[in-house]
Amino acid sequence: MAEPMGFFTDTTVCIGCKACEVACKSWNQLPARAGGDPAMSGQSYDNTLRLSGNTWRHVKFVEQFDRPYEGRWLMLSDVCKHCVQAGCLEVCPTGAIIRTEFDTVVIQSDVCNGCRACIGACPFGVIDINEVSGTAQKCTLCYDRMSVGLEPACSKACPTDSIQFGPIEELRKRAHARVEQLQAAGETRARLYGADPAGPLGGLNAFFLLVDDPEVYGLPPDPALPSRNLSSSAAASTAAAVVAGAVGLVTLRHNRMKDVSEAEAPHRDTEDSSPDGSK
Amino acid sequence: MGSNMAECHPVAFRWPMKAKLNGAKLIHVDPRFTRTSAMCDIHAPIRAGSDIAFLGGLINYVINSERWSSDPFFKEYVANYTNAATLINPSYKDTEDLDGVFSGLMQYTEHPEWPYNAFLGQYDPATWQYAATQIGDQGRVANTAQSGEQRVPSGQQGQARAGQQSTPGAAGAASAGTTNMGPPFDALVKSLLKPAPRTDPTLRDPHCVFQILKRHYARYTPEVVEQITGCPRQKFIQVADTLLANSGRDRTSAFAYAVAWTQHTIGVQIIGAAALLQLLLGNFGRPGGGIMALRGHAAIQGSTDVPTLYHSIHGYMPHPTALKKHDTLRDYLTAETLPTSYWANMPKFLVSYLKSMYGAAATPENDFGYDWHPKILGDHSHMATMAAMDDGRVHGMICIGQNPATSLNGPAQRRAMRKLDWLVVKDNWLTETATQWHSAPEIKDGDVKIEDIKTEIFFFPSTQVAEYEGSFTNTQRMLQWHHKAADPPGHCRTDTWFYYQLGKRLKQAYAESTLPRDEGWKNLVWNYDPDPAKGRSEQSTSGDADELELLKEINGFYTDDPNRHLAGFGELKDDGSTTCASWIYCGCFPAFGRNLTAQREPDPPGAPGAQLRWGYAWPANRRVLYNRASADPAGNPWSERKRWVWWDPAATNPPNAQTGAATPNGKWIGYDVPDFTVTKAPDAKPKPGGVGLDALSGTDPFIMKGDGKGWLFVPTGLVDGPLPTHYEPAESPVENLLYPKQQVSPVFKYWARNKEYNQLAKVGDARYPHVITTYRLTEHYLAGGMSRWLPWLTELQPELFIELGHALANEKGIRNLDMVKISTPRASIHARALVTDRIGVMTIAGKLIHHVGMPWHWGWEGLSTGDVVNDMTAWVGDPNVSIHEGKAFLCNVEKA
Amino acid sequence: MPDTFFTEPPHWRWLIVLYFFVGGIAGGCFFLAALLHLVGRPTDRGLVRLGYYIAFVGVVVSGILLIVDLGRPERFWHMVIQSKTGRPMLKYWAPMSVGVWGLLVFGVCTFLAALGGLYEAGRVRWGIAGPLVRRPISTVIAIVGGIAGFFLAGYTGVLLSVTNRPIWADSSWLGALYLMSAASSAAALLILLARRRRVIDAVTLGGLERFDRYVLVLELLTLIVFLASLGSAARVFLSAWGVVLLLIVVAGILVPLVIASERFGRFRGRLLTPYTAAGLVLLGGFMLRVATIFPSEQVKVVGTRVLHP
Ligand SMILES: Nc1nc2c(c(=O)[nH]1)N[C@H]1C(S)=C(S)[C@@H](COP(=O)(O)OP(=O)(O)OC[C@H]3O[C@@H](n4cnc5c(=O)[nH]c(N)nc54)[C@H](O)[C@@H]3O)O[C@H]1N2
Ligand SMILES: Nc1nc2c(c(=O)[nH]1)N[C@H]1C(S)=C(S)[C@@H](COP(=O)(O)OP(=O)(O)OC[C@H]3O[C@@H](n4cnc5c(=O)[nH]c(N)nc54)[C@H](O)[C@@H]3O)O[C@H]1N2
Ligand code: SF4
Ligand code: SF4
Ligand code: SF4
Ligand code: SF4
Ligand code: SF4
Ligand SMILES: [Mo]
């Protein structure tokens, strides 16, 4: 495998211009929603609202104000995190989702059959069905561009370098330095999200610098793999099956049934007006 | 301040973001908390239209501050490089003396030939002049009013006909002059010389500029700033302290502004106030300093350099006008040449320009065809022309790259356009301007019947920039060549094709004419066909002009050898031996095969970053103008950190090319191209009787100014006063706190003032209680022609909205996303409410004022449609440059 | 806010609810039929066959529902065979993958069992079907199919739990719950249909009813455990869905239990017949899936705001 590649998104220099969104749609030829004229959302300047099968970048806007003019306006360009341990990849029953030589996670559109298991499995709500292809789609980290040595379209278009593309190791170093700088400047809420290889999901190959709790940005504080529930859930179900089986055995076994039927039959016949199908 | 840079100039905003990572402090002063504010350390909210109060407050705060008085840097810079020490005519009276007006205010009478200059009043600026002399501002025509619209001597020699008598002497002699005064025109220029201004280097004389401005701004205290602008005092002081702390020897601060400063009845003065402040802080001519005009359309800078402006010809030379004494070439040169400063070379610029217009037909005998050149007769700017159109005085209009049906006062302009005989629209889409005859609101409402419109409208589909090659000039005056990426679809043609072909046909039409007025057409040089000898073949659409031929024409060449391009404007001559359309661009194309605008070599990382091999910045590829000021008077860098251009006393120079005489050692060198006579020593004195740069000393960095100084006080050139003064916008909810007797600028432009469609709300009109401003969104572009047809953009901002605060929303029972009705005395429109804390209620002079704002990109065509915000604005504008006041007016907001 | 609230719903709606319900019943019916086949009396043969038929029809319907629900139905086979290599496609850690194989195995068993049933009932006379009703093949089919049946009934819940969605992934008890509910629903359906078609005698009927009763009690217990295990994710039920859930408990579990209980025999009447009871159990089983799937589907992040019912 080549060196792991990915994104470091420094939200403190994101100007919410959405160039990344447009660049992604343009490069990947993804259609606009509602023919380009959807309803306005009323949620700040965010009219995209979510990542989906035909929106692989989504710039989020958080207005934090106590009083008029007194507050912050946070922006974050959201994208697939290319998790080192990826929930989507884990559950995909067709093998459509693969890990590439760049340690990125890509859905092969010609393999996916649209079962949507990956949608609910992603801890970040990244994937959705693309109505045109009928398959699940998400950011490919511009696998096509990367394969020929080009930078992904979104980071290339980002005017402020809020989205930085590069080898993960290098990006992590840069990110830590930036957090230190912010901390030193008094922004004590500055932190990295997903930069820790020992952290959740083995780290994210698209990680973020935040200046508030992840929830504020609509990100899960402690994302986890869906398989965390597999053994417990399977065990509980098996136990239930065993219990139900036992009940069945107890209630339906030939001998036992006869005993009981003798005790109950008369009572039943008088009370029940139904046309009994016995013999 | 004065722009929403992150949203409107996102790519340029890369650099503030880089600076932020380097620890720079960013400040945003804006009525709204925008995406720019979100990136800044400080956001100071101010009411739209109150910038001069804020900047005046900063000026007052700065000159009274401990730091400014104690750090010798400021005094040294101000005393040497600005006109702080210059004495002003003792009869000058300030607004502080005259209740809000300057000395010289008088009535304005319209010119009967063209009654669209629209000034409310006018000034005779005689008393604003430097004591005992007159310093001209000729040649610098950002100012439309300099076309002679005001028939008073505005301080320029031979300004207007009516005021001719006020400047007798040398100028009079020259204009009466004999034909043997040129070419060459050296004698003429020399005859224009004036005595040098008088100064008081101690800055104590009560008539010196510094004392005048100190008095002028004394009442602009933080308390007053808070009362007028609504910006909390502590915020204001925080801004002032940050600015002070970041100016000086070792640090510089920059201002970036755009149309939040220009679109006012006092727009030029707002910018002037910032310039004044930056001069006081020593922030001009230095890296990281200055005030940056963030320009609008992609090549709007280019369109003023090689102008589409009515009042200037290429390179900021005034357009010959019927309103001034411009009868002959000599008259024109006499009136417009500034004998001191680099502008003394104007005869060379103009003659080379005329050669470019009329080629071989232009000879010294016929004044190089000067008489064939058209003249203007008043304000032909956008709104003036529209007002004239409404009066039936304009018959046809070619509308290229503009969408006036929505982009200024909509109903008034559509009404005017309905009076045209013909209208040509050349655009990428059927814009509102092209479809107004059947889909405008007044037609849908039945107020106007289609049958009653006699205008014939022609539509020409246009190419997009990526479909042809050419150059852009960006906001840094930098020309950048762009290449063709795709073929245009269908019958789309470039704009050059259209004009080139139109020109050819008109030339043909006039070819047989014997009328003297058509001589110009007959002699016009109009051949820009591609030259196969240079390997240039026809473009995809045949019949188009060749871009490189056009660039060559602009750059200039030797008349007798058109293949020898001019290497720079230093080579220009006033005898016809050089041909050059635009002197400022001279040097960008020094030889065929050396198109410097196509350079794309960035500086290596870590270099100081002048990027001299990226594109080509006029003049002479200089990146920072007036960069002599980046060194102290002795020629040393102010500090190591801020080193840019400096004097190297040891450098040897080649001998004088003409005389062969040895040149003394010493040279200006640096990272940038020095904006100074390279061999002029810092201690050089003006040459007695010297013209041009010889009249300036080694410490006069502002080489385009007659006195080589940065002007704190503007003695000439502006029609609304020498010092920026706070006036309220044409529509305001409050009285002018500083000048209760003078609510608004006494001289601003107000067109169609007696027409019903252009009425203004009175001060404090209860029917229109809220302050409204208009602006742009990153997601859209202007009138929408370049965004509302593009689904990837419309989905990002699909609907027109109004931003309003929670207080107003609660008061009116408006919830987020409700439809609301917004009204002004001109019109009412509908939009969705976006309720937010990013805009809101302000306390102005003790009154609670709701501030609202709207993006103005919508119209009825395209994928995303909405009401036209400009249906609500008025035709009022700045008296200097005729731009409309789209940034501050009054409205009412109700739930629809 | 639980982490699961920051994810996207997979749009598993009516088709999937129906599949879960039908699949559960199919599994449960087969299991009960197999049990009767193995330990029941000769008189239960009609019932056994009925169970097998139901299971077969159920599995066919399930398959169709599943395929129709796919974004690209023509690619359903990609779940079984790797489309690019032609090798078998199985991920034992991915419930959907295992589920598809389980369904396949179950489908084969139900097919064989149903075919055998038809042969046994004399509806088909193909010789090859003969061995299907004879030991040991019939036993193998019953055992494998019975296990696969219960697997099918329960894996659906595991499938939901092995996601990152609210409710589903917030508890490990959904599989158990679905299994219990599948069992009770299957018994109820068998009771209903067997009575109509007179393929059940009072003894077996009594056994089935008792089975149903016990399982209903177990289901209720599992539901309580499930709800308790949800933790803060249970806030989803602080909505109309809470009422639905309560109705399910009352109408789908408690009322049938009451009807079935001898002590409360006096409540039986014209309306509250065992038919009603069985019908209510079925309805309850269906609604239980609705009430555990839809509320989760309704949680999503819009912009940066988490919306929930
Ligand atoms: N995306 C995008 N970029 C553009 C354009 C576009 O349409 N879309 N247009 C281009 C053009 S032609 C131009 S001219 C430039 C314009 O660039 P800008 O001048 O930056 O753009 P505006 O949005 O008109 O106004 C900027 C800000 O002025 C604030 N404002 C309003 N009134 C006042 C005031 O009185 N004082 C102060 N200090 N602020 C005030 C508004 O709240 C707004 O945030 O942008 C260019 N760039
Ligand atoms: N209320 C209010 N009004 C304003 C402003 C404001 O801030 N507030 N801003 C003002 C400012 S700064 C400006 S610049 C004006 C802009 O106002 P306009 O110039 O009238 O509006 P644009 O949308 O820029 O019009 C440009 C047109 O050119 C077309 N076009 C693009 N490329 C080409 C080309 O290569 N050739 C040709 N022929 N056409 C092309 C586009 O499709 C578009 O229709 O609006 C002004 N109006
Ligand atoms: S963020 Fe979601 S879609 Fe992206 S790799 Fe991780 S689990 Fe998969
Ligand atoms: S929808 Fe496609 S990518 Fe997602 S899990 Fe199913 S097959 Fe895999
Ligand atoms: S990396 Fe490519 S696919 Fe992913 S968001 Fe960026 S542009 Fe879109
Ligand atoms: S392009 Fe960059 S700055 Fe613009 S919204 Fe995207 S991440 Fe933010
Ligand atoms: S739209 Fe064009 S000119 Fe404006 S910021 Fe973007 S790239 Fe620059
Ligand atoms: Mo503009």
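Predicted model: local features only at pLDDT ≥ 70, side-chain atom pairs only at ≥ 80, totals over all residues.

Reader: What's the mean pLDDT of chain A, then?

Author: The mean is 92, and 90% of the residues of chain A reach 70 or more.

Reader: And where in chain A does pLDDT stay under 50?

Author: Over residues 263–279, for which the model has 25 contacts beyond four places in sequence.

Reader: How many helices and strands does chain A have?

Author: Eight helices and ten strands.

Reader: What's the radius of gyration of chain A against that of a compact globule?

Author: Chain A has 27 Å, whereas a compact globule of 279 residues would have a value near 19 Å. The C-alpha trace of chain A spans about 85 × 50 × 45 Å along its principal axes.

Reader: What share of chain A is buried?

Author: Buried residues make up 63% of the 279 in chain A. Chain A exposes about 9,900 Å², with 55% of that supplied by carbon and sulfur atoms.

Reader: OK, ligands. Which residues are closest to ligand 6?

Author: Cys14(A), Cys17(A), Lys18(A), Cys20(A) and Cys158(A) are the closest of the 14 residues that surround ligand 6. By type, that shell divides into nine nonpolar, four polar and one charged.

Reader: And which ones come nearest to ligand 5?

Author: There it's Cys24(A), Arg57(A), Cys139(A), Cys142(A) and Cys154(A), out of 13 residues around ligand 5. The shell around ligand 5 has ten nonpolar residues, two polar and one charged.

Reader: Which helices of chain A each supply at least two residues of that shell?

Author: α1 (19–28) and α5 (153–157) of chain A each do that for ligand 5.

Reader: Switching topic: which chains share the most contacts?

Author: Chains A and C, out of the two pairs of chains in contact. No contact joins chain B and chain C, and their closest C-alpha atoms lie 13 Å apart.

Reader: I clicked on Gly36(A). Where does it lie?

Author: Gly36(A) is in the loop between α1 and β2 (58–67) of chain A.

Reader: Is Gly36(A) buried or exposed?

Author: Gly36(A) counts as buried because its relative accessibility is 0%; the cut-off for buried is under 20%.

Reader: What does Gly36(A) touch?

Author: Leaving out residues up to four places away in sequence, Gly36(A) touches Pro791(B), Thr794(B) and Glu795(B).

Reader: On to chain B, then. How many helices and strands are there?

Author: Chain B has 26 helices and 28 strands.

Reader: How much of chain B counts as buried?

Author: 61% of its 896 residues do. Among contacts in chain B with a separation of 6 or more, 70% are between residues 24 or more positions apart.

Reader: Why is helix α9 of chain B largely enclosed by the rest of the structure?

Author: Because six of the eight residues of α9(B), residues 209–216, are buried. Those are Val209(B), Phe210(B), Gln211(B), Ile212(B), Leu213(B) and His216(B). Their cover includes α4 (51–63), α5 (66–70) and α13 (267–280) of chain B.

Reader: Which residues are buried in α17(B)?

Author: Met383(B), Ala384(B), Met386(B), Ala387(B), Ala388(B), Met389(B) and Asp390(B). Seven of the nine residues of α17(B), which covers 382–390, are buried, so the helix is largely enclosed by the rest of the structure. Among the elements that cover them are β9 (396–400) and α19 (410–417) of chain B.

Reader: What comes just after α17(B)?

Author: Gly392(B), with a positive phi of about 80°.

Reader: Last one: how many residues of α24(B) are buried?

Author: Eight of the nine in residues 547–555, so to speak plainly, α24(B) is mostly covered. Including β12 (470–473) and β15 (561–565), several elements of chain B cover those buried residues. Just after α24(B), Gly556(B) takes a positive phi of about 100°.

Conventions: Residues numbered from 1 in each chain as written. Chains lettered and ligands numbered in written order. Heavy atoms only, no water. pLDDT = per-residue confidence, 0-100. Contact = heavy atoms within 4.5 Å. Near = heavy atom within 4 Å. Nonpolar A, V, L, I, M, F, W, Y, C, P; charged D, E, K, R; others polar. Helix = DSSP H or I, 4+ residues; strand = E, 2+ residues; numbered from the N terminus. Rg over C-alpha atoms; globule rule 2.2 N^0.38 Å. Buried < 20%, exposed > 50% of the residue type's maximum accessible area, 1.4 Å probe, protein only. Areas by Shrake-Rupley, 256 points an atom, 1.4 Å probe, with all protein chains shown as cover.
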